Amino acid sequence: MNRVEGHDKVTGRATYAAEYPVEGVAYCYPVQAEIARGRIAGVDASAALAMPGVLAVLSCEEPPELGADAEPELALFQRREVAYRGQIVAAVVADSYDDARAAARAVRVAYEPEAHDVMLRADHRGLYKPDKVNPDFPTDTEKGDVAAGLAGAQVTIDVTYTTPTMHNNPMEPHATLALWNGDGDLTLYDSSQGVSLGRDMIAQALGLPRERVRVVSRHVGGGFGSKGSPRPNSVLAALAARAAGRPVKVALTRQQMFDVTGYRTPTIQRIRVGADAAGRIAALEHEVAEQSSTLVEFAEQTATATRVMYAAPALRTAHRLVRLDTATPSIMRAPGGCPGMFALESAMDELAVAVGVDPVELRVRNDPDTEPDSGLPFSSRNLVACLREGAERFGWRDRDPAPGVRRRGRWLVGTGVASSTYPARRRPSQASAAVENGGFVVRIAAADIGTGSRTALTRIAADTLHVDPGLVRVELGDSDLPYAPVAGGSMGTASWGTAVTMACQDLLRDGKQGFADTTEAVNADAELARHAFGAQFAEVRVDADTGEVRVSRMLGVFAAGRIVDATLARSQFVGGMIMGIGMALMEQSVVDLEFGGFTNHDLAQYHLPVNADIEHVEAVWFDEADGELNPMGTKGIGEIGIVGTAAAVANAVYHATGRRVRDLPITPAKLL
Amino acid sequence: MKAFEYARAADPADAVARFRPGAMYLGGGTNLVDLMRLGVAEPGALVDVSRLPLGGVEPDGDGLRIGAAVRNSELAAHPLVRERYPVLARAVLAGASGQVRNMATVAGNLLQRTRCPYFQDVSKPCNKRQPGSGCPAIGGDHANLAVLGHSRACVATHPSDMAVALAALDARVHITGPGGDRVLAMPGLHRLPGDEPHRDTRLEPGELITAVALPAPPPGASHYRKVRERASFAFALVSIAAVLDVGADGTVADCRIALGGVAHVPWRAFHAEQALRGSRAGEDAFVRAAEAEMAEAVPLPRNAYKVPLARNLIVRTLLELAP
């Protein structure tokens with residue numbers, strides 16, 4: 001199906017957060033910390049306040065009143081301590097954006113700097129074991145005797161992989177428009193992946209009952225996780241509007257996004273594998289070191305996919321975290337699985353080479369009957385089918401495993417494979433449905449961040465009501481609508497779709513209107529291992545003189561339940577794969593060790609793939625019939641496309657060159 | 001953005017007359033406007049020279065005269081450039097994106113500033129932006145900065161592709177200014193950083209580029225090759241413009257080699273050229289030439305890769321050009 005709001009978007013009628021026209025609107029521009037750690041001695045706003053158009057200056061000199069339990073990244077101007085370079089320490093509100101920006105540069109902040117530490121190291125003394133990893137996985141797991149398994153193995157692999165800091169970089173910068181009415185009610189037009197959670201967290205930060213806050217996000221230009229929970233811009237707009245007594249817009253610049261909207265933690269991952277001569281795994285260990293800020297503990301679930309993937313009698317996973325003088329890392333597309341599967345699937349390739357077994361066959365040989373860590377049965381698992389189908393379509397059969405021997409002109413050519421997986425979960429949600437004006441209206445506080453969820457929900461509702469999708473209108477992106485979880489964790493369509501289906505069923509019973517709250521249904525789900533799986537194949541060419549890597553073709557084969565809509569699904573799979581190519585070859589936020597923060601904080605320096613990098617990317621899928629998921633039979637598809645992709649590319653680079661790059665991204669400098 | 005005065009010049013003399021200390025000339029604005037938004041450039045006045053009658057690509061004796069206001073896209077597409085100076089067309093097309101090339105002018109391309117991350121961030125020191133404040137790139141993020149001709153004050157690179165081809169082609173830059181008209185020969189428009197990295201070029205305040213003149217095309221085959229992490233829309237890690245003329249006896253009659261991404265200037269590889277002239281064209285000579293040039297390199301810890309990269313690129317490009 002084409003996107004139901006497609007016409008509005010291409011004609012410019014779809015309004016994004018910063019675009020709502022408001023009478024008397026003022027603009028707010030943040031002042032950011034220029035030290036990575038220390039204390040604010042004083043903020044002198046006198047020069048800024050004297051500048052044209054300036055309405056107010058916010059800072060810790062006069063801390064605005066906030067709720068007692070505001071999330072620390074949202075608790076603006078409450079403390080004098082600086083937690084990271086780029087933290088918002090003051091802000092100017094003015095009649096125009098340019099006036100606010102000019103005055104922000106005139107705010108004088110005096111600091112008492114302290115020595116900072118912004119570098120993740122495997123031997124960092126501050127590494128500790130967090131109580132859980134995101135969102136609520138156990139930090140460590142262990143079954144069987146890993147040491148004995150490694151000691152008794154015929155072949156062992158002991159390797160360390162590293163992934164750099166990466167930033168989400170959605171197209172639409174984070175932006176908020178805040179309006180207070182005369183009764184002290186707040187409306188925020190925000191760029192958000194979840195207005196219900198956003199409303200709750202913003203209300204909590206401001207110390208307001210949530211009934212007094214409304215968050216509206218009708219159209220969102222991407223998020224990739226960085227808009228999953230409110231960022232400082234949301235609270236800043238509310239505080240600025242209160243201070244100025246006018247509606248206020250905050251629109252972050254790309255550079256500011258690098259500082260305050262979250263990022264994927266860098267990781268250092270040690271993998272040890274012990275196997276027999278045929279490649280059957282006896283012991284597998286995955287240890288991760290990663291970082292968070294001093295403000296908030298966010299521990300990425302990097303090794304959790306390893307608990308799901310391969311049959312290993314002895315299996316240990318562990319996460320250690322260090323709190324650095326950095327901003328708080330957060331969710332970025334496929335948290336956990338994305339960096340973790342780069343390491344595991346690279347190690348599987350190294351094992352395949354070590355035992356001389358084809359890497360597709362090696363994965364098939366180690367496919368488990370039940371979830372390796374938990375012992376739970378799978379609701380469905382078709383990894384082997386994906387690998388076999390992909391091998392057939394990709395022309396894998398005649399592959400010569402010898403590395404560094406295929407040449408096409410100046411290019412060395414190689415192919416690689418990796419598995420993909422992502423959990424298939426759902427969360428409680430509500431929805432309503434009603435007959436209105438001869439059609440049907442479905443209401444749910446879901447988000448469409450460009451994925452097409454509005455369209456998918458339209459189709460799910462139409463299927464349930466047995467009517468043409470043209471008769472169904474879905475209203476979403478407004479916290480006054482029935483409560484819904486965020487667009488994240490590959491749970492959006494599964495969670496919202498359950499509620500929409502049940503609301504439509506209720507409407508069919510009632511004839512006029514329907515409502516559903518899926519809390520009970522979701523809580524009654526049987527304990528099962530529910531995951532989507534996939535296999536990714538890449539062919540790369542590497543310039544023998546310069547180390548330039550180009551991906552000639554990529555194929556992804558996925559088994560992700562029933563696919564609601566082929567057009568939307570393809571763009572999710574292919575989009576994830578392309579993002580994975582970027583992760584493999586170019587994405588990295590360069591940490592500024594001297595000053596803190598990042599040096600390459602714009603899209604000229606932080607490279608994402610451009611059209612010329614993407615030659616032939618294809619995604620296909622099996623329609624799985626899995627009755628243990630939700631009424632639609634779907635597994636999430638927003639994230640699995642980026643899982644394993646970087647490993648497939650890295651494995652292909654090894655096959656092309658004989659060089660194993662264990663440190664992403666694979667730049668020319670690492671291949672020369 | 002700091003408030004500024006704006007004036008549109010009627011002709012080059014009017015532009016020069018309108019110039020005041022603190023003013024800047026505005027061409028396509030693809031770099032200057034970005035720098036103004038970032039607070040890196042804070043001109044008190046902009047003198048708009050983008051609509052001066054400085055367009056046109058025309059034959060000039062055996063050579064070509066290119067107006068300073070010619071857009072990059074027009075330059076790359078011009079039949080005379082494509083036929084007679086393909087290395088220039090290729091270099092221009094290797095730069096930026098289609099949209100940027102539609103805006104960017106020839107003079108503006110030559111005068112664009114470095115993309116060193118510290119230069120572009122006003123919250124950090126930079127000798128180029130704020131003389132005497134220091135160079136954090138030397139101990140910090142210099143992975144894409146200079147390996148040749150840099151100083152203790154600055155390791156910035158010049159980002160242009162077009163300028164690399166112009167340096168190889170012995171282009172002459174026509175200038176008008178308060179002191180009259182003059183000509184600077186490429187690669188001599190730009191200067192090494194030394195103790196004054198805030199000075200990118202040898203232009204004096206108020207001087208305005210009016211045209212770039214190319215002498216007759218050098219004999220031989222030519223090529224422009226740009227190495228970068230992604231396939232398009234990225235600055236060069238290293239780039240090369242090369243022209244090679246091999247005589248009937250198999251010896252190198254003439255050659256021109258210029259490198260981008262390695263220095264504060266488009267780097268003319270005079271040592272390599274000298275080593276090549278008169279020697280027998282082939283891999284041995286090409287390797288000797290490349291090594292002669294890169295022997296002067298002083299890489300920093302995170303950009304050492306540029307030395308073998310430039311060496312390999314010189315050798316491979318010459319091998320492809322050799323008959």
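**Domain and chain contacts in a predicted model**

The side chains of Asp565(A) and Arg459(A) form a salt bridge, with N and O 2.6 Å apart. The model that shows this pair is predicted.

Chain A is split into three parts: domain 1 (6–115 + 169–260), domain 2 (132–166 + 264–424 + 528–671) and domain 3 (430–499). The centres of domain 2 and domain 3 of chain A, taken over C-alpha atoms, lie 32 Å apart. Their contact draws 14 residues from domain 2 of chain A and 13 residues from domain 3 of chain A. Between them, the two domains bury about 1100 Å². Carbon and sulfur atoms account for 57% of that area. On the domain 2 side, Val564(A), Leu568(A) and Met632(A) lose the most area to domain 3 of chain A. Together they give 43% of what that side buries.

Polar contacts also cross this interface, with 3 residue pairs found (both at pLDDT 80 or more). Strand 19 (411–423) and helix 14 (566–585) of chain A each supply at least two residues of the domain 2 side. That side divides into 7 nonpolar, 5 polar and 2 charged residues.

The buried area is about 2800 Å², with 51% from carbon and sulfur atoms. Arg105(A), Asp545(A) and His607(A) supply 18% of the area that chain A buries against chain B, more than any other three residues.

The rule finds 5 salt bridges between chain A and chain B. One of them links the side chains of Asp592(A) and Lys124(B), at 2.9 Å from N to O.

Thr317(A) belongs to strand 17 (residues 314–324). Thr317(A) is buried because its relative accessible area is 1%, under the 20% cut-off. Its side chain makes a polar contact of 2.5 Å with that of Thr141(A). Another polar contact, of 2.8 Å, joins the side chains of Thr317(A) and Arg307(A). Leaving aside neighbours within four places in sequence, Thr317(A) also touches residues including Thr139(A), Asp140(A), His286(A), Ala303(A) and Thr306(A).

Note on methods:
Residues numbered from 1 in each chain as written. Chains lettered and ligands numbered in written order. Predicted model: local features only at pLDDT ≥ 70, side-chain atom pairs only at ≥ 80, totals over all residues. Heavy atoms only, no water. Helix = DSSP H or I, 4+ residues; strand = E, 2+ residues; numbered from the N terminus. Buried < 20%, exposed > 50% of the residue type's maximum accessible area, 1.4 Å probe, protein only. Polar contact = N/O pair within 3.5 Å; in protein donor to acceptor, adjacent residues only side chain to side chain. Contact = heavy atoms within 4.5 Å. Buried area = accessible area lost by both parts, 1.4 Å probe. Salt bridge = Lys/Arg side-chain N within 4 Å of Asp/Glu carboxyl O. Domains from an automatic or database assignment. Nonpolar A, V, L, I, M, F, W, Y, C, P; charged D, E, K, R; others polar.
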